[in-house]
Amino acid sequence: MSWLNSVRNVLPFVAKRETPENLWHKCKGCGQMVFTKELEENLHVCPKCDHHDRIGPKIRFAQLFDEGSCSELPAPPVPEDPLKFRDQKRYTDRLKAARTDNSERDALVNARGSIDGHRVVVGVQDFGFMGGSMGLAVGEAFVRGVEAAIEDRVPYVIFTASGGARMQEGILSLMQMPRSTVAIQMLHDAGLPYIVVLTDPTSGGVMAAYAMLGDVQIAEPKATLAFTGRRVIESTIREKLPEDFQTSEYYLEHGMIDMVVHRKDLREQLGTVIGYLSAREAA
Ligand SMILES: [Zn+2]
């Protein structure tokens, strides 16, 4: 054991919140140090370069919903580790670690609430939970979110953030693609809007399923949105891709999404969109 490690082990325990790393945050956009408190007050958007930091369900709900209106839906029970999968680690151990780090059951959390007075069900995918990967739990939560929206006769809004399908669940994770598509059709049959907000990063099987099927497609600025990674495409077509390829702005320019909305305007913009669509439904 090195001298430093032995000293570190006898040092008194310091609560995590008080360490300088938590007081300061290094921006992934500009690399500058930002005061964590300032970042939080600025909706987790860098005050220096406007980089939109990744946020999980709890923070998103707090930013979005009218005060006191949020009520989270319980995580639906699903079979765990159906394939008894193991690579370097057991899948059950990976799940356990992710749950300890995130205090969530899995990578998609739903909540009922209201945005600017409009009742709605919102699902938020958490990239911090195993890369937001889509397995049985995410698929099931998506379906439950849609069912809750149908029950309440309100729109379903999904915030996507995912690396794609959860490989530890093999074919069962891929089956969530058609499954979520059928759920969206149920919402349409009930005459209710489905709104997608793409956040950084959304890719793979999620991008090829419910992330691109919204009646209205919104994205946060400069989010990476892709089905396949840039390098794979470049080596397949043997061409250099444009610099802004697979960003929100590129998708907007090419007619793939409806708008790119800054986080500070998101609440109001969603309220407006839901207002328009609900008025149409009422008529
Ligand atoms: Zn920055």
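**Close-up 1. Salt bridge between Lys264 and Asp265 in the predicted model.** Lys264 pairs with Asp265 in a salt bridge in which the closest N and O atoms are 3.5 Å apart. Lys264 is exposed, its relative accessible area being 56%, whereas Asp265, with a relative accessibility of 32%, counts as partly exposed.

**Close-up 2. Salt bridge between Arg54 and Asp200.** The side chains of Arg54 and Asp200 come together in a salt bridge with an N to O distance of 3.1 Å. Because Arg54 belongs to the loop between α3 (36-41) and α4 (57-64), while Asp200 belongs to strand β7 (residues 194-203), the pair ties together parts that are 146 residues apart in sequence. Arg54 has a relative accessible area of 43% and is partly exposed; Asp200, by contrast, has a relative accessibility of 18% and therefore counts as buried, given that buried means under 20% relative accessible area.

**Close-up 3. Salt bridge between Arg90 and Asp93.** Here the side chains of Asp93 and Arg90 meet in a salt bridge, at a distance of 3.8 Å from N to O. Asp93 is partly exposed, with 31% relative accessible area, and Arg90 is likewise partly exposed, with a value of 42%.

**Close-up 4. Network of salt bridges involving Lys58, Glu72 and Glu104.** In this view, salt bridges link Lys58, Glu72 and Glu104 in a network.

Conventions: Residues numbered from 1 in each chain as written. Predicted model: local features only at pLDDT ≥ 70, side-chain atom pairs only at ≥ 80, totals over all residues. Heavy atoms only, no water. Salt bridge = Lys/Arg side-chain N within 4 Å of Asp/Glu carboxyl O. Helix = DSSP H or I, 4+ residues; strand = E, 2+ residues; numbered from the N terminus. Buried < 20%, exposed > 50% of the residue type's maximum accessible area, 1.4 Å probe, protein only.
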